Amino acid sequence: MSAPRSRLGKPTQYRWLVLGAIFLTYVVAMADRSNVGTVLPYMQQEFHVSNTALGAISSFFFLGYAISQIPAGILIGRMGTRTIVSIAVLLFSVITFLMGFTTTAVMLIVLRLLLGVLEGPTPVGMTSTINRWFPTKEKGLATGVYIASTQVAPLVVPVIAVFIAEAAGWRAVFHWFAIPGAIMAIVFFLVVRSRPSDAKLVNQAEADYISDVAGAVPVVAREFGDMGVIDRIIRLKDSAPLGDARSVLKSWNVWGITLAYFFMNNVLYGMITWVPTYLRDARGFDAVGMGFVASTPFIGGIIGAIAGGAVSDRLFRGRRKPTALITALMTAIMMALVIVIPQNTPLLVTALILTGFFLNIGWSSFTSYAMNLTTGRTYPFTIAVINSGGNLGGFFAPIIVGALLDATGSYSIAFSYFVGVLVVGFVLLLSITEIRPRKEQGAITAAGGPSSLASDDPHEVIA
């Protein structure tokens with residue numbers, strides 16, 4: 001959506017360059033955390049460990065990741081994103097490099113834990129930057145582009161990692177994957193500023209557009225409006241934003257979306273960890289075939305993430321909950337089909353692509369939902385809570401699936417776990433309310449509706 005002209009001249013478009021830096025940096029972050037799924041079969045051959053231990057190698061990343069989210073959110077709320085994210089990217093790239101020198105599974109688990117701790121500031125920093133840099137009407141699309149970055153890495157990583165592992169051994173995968181992070185740490189620091197007002201290449205017209213100053217009041221009828229039965233299903237309401245950490249921690253909406261996100265991450269990171277091994281052991285693919293087919297869910301994921309942000313912004317007019325509900329329900333259906341589909345590669349590939357598509361069409365809603373729920377100063381803490389609880393799903397899922405495989409030897413039983421948690425996530429999403437954006441509520445007030453809300457100063461920080 002192009003920005004309108006104003007009396008200050010044509011707005012600059014620097015926010016899209018910022019989004020490009022966010023996209024590329026998070027591709028690197030996702031590559032460094034997801035490459036382990038492809039090399040797990042090589043590790044198992046060398047270390048002779050159980051499936052549960054393999055799951056732990058993947059899972060302990062998410063324990064560190066979850067631990068660091070809330071401290072990172074508080075720190076970013078106080079100090080901004082630019083320096084903190086840049087340092088975090090540089091440090092987790094160093095840890096990735098060191099993983100190539102490990103000689104035991106225990107050493108890998110420890111380094112994966114450290115990798116998670118150091119990657120923790122990145123998602124809080126990325127979504128906080130989007131919240132600062134994009135107007136309400138573009139936040140869904142911008143978040144969708146950011147979420148698409150989480151799919152690019154798993155799409156290309158299996159093929160690249162298998163090629164490197166076959167040519168130079170699995171340890172070389174970590175050495176090579178560390179290099180882009182060092183580069184992107186510098187790029188992020190040079191391109192991104194914590195706020196638009198800090199960027200010399202942003203003119204006042206773009207700053208006004210980002211702040212929704214241009215053409216503000218009549219947005220209710222034109223943009224959010226009334227969607228009838230959809231609004232009743234999502235339980236749309238007007239509510240004051242969560243203005244401090246205590247109100248955030250007391251909100252069922254925050255905890256409901258966090259728990260639902262926990263179960264969604266069970267599926268995402270469970271798939272990243274176990275789909276390559278599933279394709280080898282249950283479907284009979286060789287290493288190269290495994291690499292290509294394991295990437296297919298993420299082809300659908302890229303399309304779903306970008307389409308989902310646009311659908312949320314335009315079709316549902318800024319509502320976040322509808323696409324989240326679609327994700328939980330339709331992914332459950334597609335995962336069930338993956339389990340029962342016959343030994344037919346085209347059918348399996350199609351099912352995996354659709355699984356990735358539906359898993360991601362509402363993924364951006366889990367982070368952008370909180371943008372309407374909070375103020376600029378409480379969003380970093382809120383999204384840290386959501387990410388912290390949500391990413392614990394990435395800790396539990398690989399271990400649980402590995403334990404189920406050790407106990408039953410059946411991928412059908414192990415993957416049925418994904419279907420079950422998706423259904424639980426769907427029910428949790430039904431229980432939370434959709435909050436009307438604050439500026440929309442203000443427009444209602446101008447027409448004589450509910451009382452207006454206090455303005456949200458984007459330059460405030462958490463006290």
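Predicted model: local features only at pLDDT ≥ 70, side-chain atom pairs only at ≥ 80, totals over all residues.
Residues are numbered from 1 along each chain as its sequence is written, and side-chain values use heavy atoms, without hydrogens or water. Local features need pLDDT of at least 70, side-chain atom pairs count only at pLDDT 80 or more, and totals for chains, interfaces and linings use all residues.

Helix 4 comprises residues 105-119. Helices are DSSP runs (H or I, at least four residues), numbered from the N terminus. At 1.5 Å a residue, the 15 residues of helix 4 should span 21 Å, and its end C-alpha atoms are 21 Å apart, which agrees. The expected span is 1.5 Å times one less than the number of residues. Buried residues (under 20% relative accessible area, 1.4 Å probe, protein chains only) of helix 4 include Leu108, Leu111, Arg112 and Glu119.

The whole structure holds 23 aromatic pairs. Rings of Phe, Tyr and Trp (its six-membered ring) pair if their centres lie within 6.5 Å; planes over 60 degrees apart count as edge-to-face. Trp16 and Phe134 have ring centres 5.1 Å apart and planes at 70°, so this pair is edge-to-face. Trp16 lies in helix 1 and Phe134 in the loop between helix 5 and helix 6, so the pair ties together parts 118 residues apart in sequence. Phe134 is buried, at 1% relative accessibility.

Tyr411 and Phe415 also form an edge-to-face pair, 5.8 Å centre to centre with 90° between the planes. Both residues are buried. They are four residues apart in helix 19, about one helical turn.

Notes
Helix = DSSP H or I, 4+ residues; strand = E, 2+ residues; numbered from the N terminus. Buried < 20%, exposed > 50% of the residue type's maximum accessible area, 1.4 Å probe, protein only. Phe/Tyr/Trp six-rings, centres within 6.5 Å; stacked < 30°, edge-to-face > 60°.
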